[in-house]
Amino acid sequence: MKNITELLGTKYPLIQGGMANIANHILVSAVSNAGGLGLIGSGGNDAEWVRNEIRKCKELTDKPFGVNIMLMSPHAGEIAKVVAEEKVKVVTTGAGNPGLFIKEWKEAGIVVIPVVASVALAKRMERSGVDAVVAEGMESGGHIGELTTMALIPQVVDSVKIPVIAAGGIADRRQVLASFALGAKGVQVGTIFLASEECPIHINYKNKIIEASDISTMVTGREKNAPVRVLKSKMAREYVELAKSAENREELEKMTLGSLRRAVIDGDLDRGSFMAGQVAGMINAIKPVKQIVEELFLDINKYKNNLEIL
Ligand code: TUI
């Protein structure tokens with residue numbers, strides 16, 4: 001089996017989560033230049049926005065990068081074509097089943113890595129011919145499944161032969177080591193990059209991450225089967241109320257993406273929805289992307305065999 005760095009063409013077995021409305025060419029090229037795999041977060045943007053971001057990325061890095069497609073987006077089908085046309089190295093998907101697109105992507109030579117939150121979808125994806133899966137626990141920020149990373153990773157690892165990349169609750173070297181102990185061959189991280197110098201979000205968002213404690217996140221949208229982890233705020237509490245009466249998922253999604261934009265662009269502390277994972281409490285400084293990447297893997301081989309258990 002190819003290892004993850006060969007599959008991705010990267011120095012480190014590391015993917016940056018495709019954060020909607022956040023992960024643009026600036027962050028993505030910084031991560032790829034640092035030896036990880038940057039992912040453009042297409043979120044609710046249209047196909048031309050994605051094409052433009054891909055082209056800007058190609059100018060800023062000669063390293064591989066990818067695109068994450070949020071499958072609840074009405075633009076997902078168009079974006080699926082654009083990534084094939086632009087011959088993007090890697091495509092990841094979230095918030096749905098990308099089954100319909102996989103054949104087209106594989107024919108375009110793309111490395112396909114769906115994000116899954118269950119064993120059932122991981123198995124289905126393996127049968128569809130994907131290269132690997134990201135198994136994402138509910139510690140993550142944004143749209144989440146039901147299982148924790150600790151419970152999910154080994155169960156997915158045991159149910160598929162393709163490589164599994166762990167996501168959710170990973171922000172330092174100990175959690176990278178734990179992911180590998182659970183059988184993962186790589187890690188995907190998002191929240192730590194929110195507090196990077198290159199992350200193109202409002203300073204209020206970065207400060208909210210830095211000020212967060214272990215219990216600073218909450219999950220909104222559970223009632224409507226669209227759970228989204230965000231930093232606690234007035235807006236988040238109101239959202240939970242509104243979600244109870246929202247007509248349908250689409251409306252809820254629009255509302256979430258709208259409030260995400262208010263967080264990312266305006267830094268609106270009252271009306272923004274600041275998506276973040278449970279590891280926000282571990283993040284205490286804004287650092288350059290390169291330093292964040294290097295610290296995750298610093299002397300990692302020295303630590304991998306030195307657990308004293310018995
Ligand atoms: O997709 C994510 N994280 C996201 S997407 C996003 S934008 C958004 N905003 C509001 C509502 C919805 C999305 C913000 N953060 N992570 C990957 C992920 N995928 N987590 C969980 C899943 C998932 C859940 C159920 C994937 C598939 C699934 O079921 C598919 C099926 O049909 O079986």
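Lys87 lies in the loop between helix H4 (76-85) and strand E4 (90-94), where helices (H or I, at least four residues) and strands (E, at least two) are DSSP runs numbered from the N terminus. The model is a predicted one, in which local features need pLDDT of at least 70 and side-chain atom pairs count only at pLDDT 80 or more, while totals for chains, interfaces and linings use all residues. Residues are numbered from 1 along each chain as its sequence is written, and side-chain values use heavy atoms, with hydrogens and water left out.

Most residues other than glycine have a negative phi. Phi of Lys87, however, is positive, near 50 degrees, and the residue is exposed, with a relative accessible area of 57%. A positive phi of about 65 degrees is also found at Asn21, which is not a glycine. Asn21 belongs to the loop between strand E1 (14-16) and helix H2 (25-33) and is buried, with a relative accessible area of 16%. In these descriptions, buried means under 20% relative accessible area and exposed over 50%, with partly exposed in between, for a 1.4 Å probe and protein chains only.

The ligand is surrounded by 17 residues, of which Met72, Ala95, Val115, Glu136 and His143 are the closest; a residue is counted here if one of its heavy atoms lies within 4 Å of the molecule. Strand E7 (142-143) and helix H12 (249-264) each contribute at least two residues to this shell, which divides into nine nonpolar residues, seven polar and one charged. For this division, Ala, Val, Leu, Ile, Met, Phe, Trp, Tyr, Cys and Pro count as nonpolar, Asp, Glu, Lys and Arg as charged, and the others, Gly among them, as polar.

Nitrogen atoms of the ligand lie 3.0 Å from a backbone N or O atom of Ala95, 3.1 Å from a polar side-chain atom of Glu136 and 2.9 Å from a backbone N or O atom of His143. Taken alone, the ligand exposes 710 Å², and the protein buries 79% of that, the accessible areas coming from the Shrake-Rupley method with a 1.4 Å probe.

Grid points are joined across faces, edges and corners, and a volume is the space filled by probe spheres set on the points.

The second largest pocket holds about 370 Å³ of space and is lined by 17 residues, with Val176, Leu177, Phe180, Ile300 and Lys304 nearest its centre. Helix H1 (4-8), helix H8 (173-181) and helix H14 (300-303) each supply at least two residues of this lining, the largest share, five residues, coming from H8. By residue class, the lining of this pocket comprises 11 nonpolar, four polar and two charged residues.

One cavity of 30 Å³ or more is counted, and the largest cavity has a volume of about 50 Å³. The residues lining the largest cavity are Thr220, Val228, Val230, Met235, Ala236, Tyr239, Thr256 and Ser273. Strand E11 (228-231) and helix H11 (234-245) each supply at least two residues of the cavity lining, to which H11 gives the most, with three. This lining divides into five nonpolar, three polar and no charged residues.

Note on methods: 1 Å grid on protein atoms, 1.4 Å probe; cavity = no way out; pocket = protein on both sides within 12 Å on 5 of 7 lines; lining within 4 Å. Polar contact = N/O pair within 3.5 Å; in protein donor to acceptor, adjacent residues only side chain to side chain.
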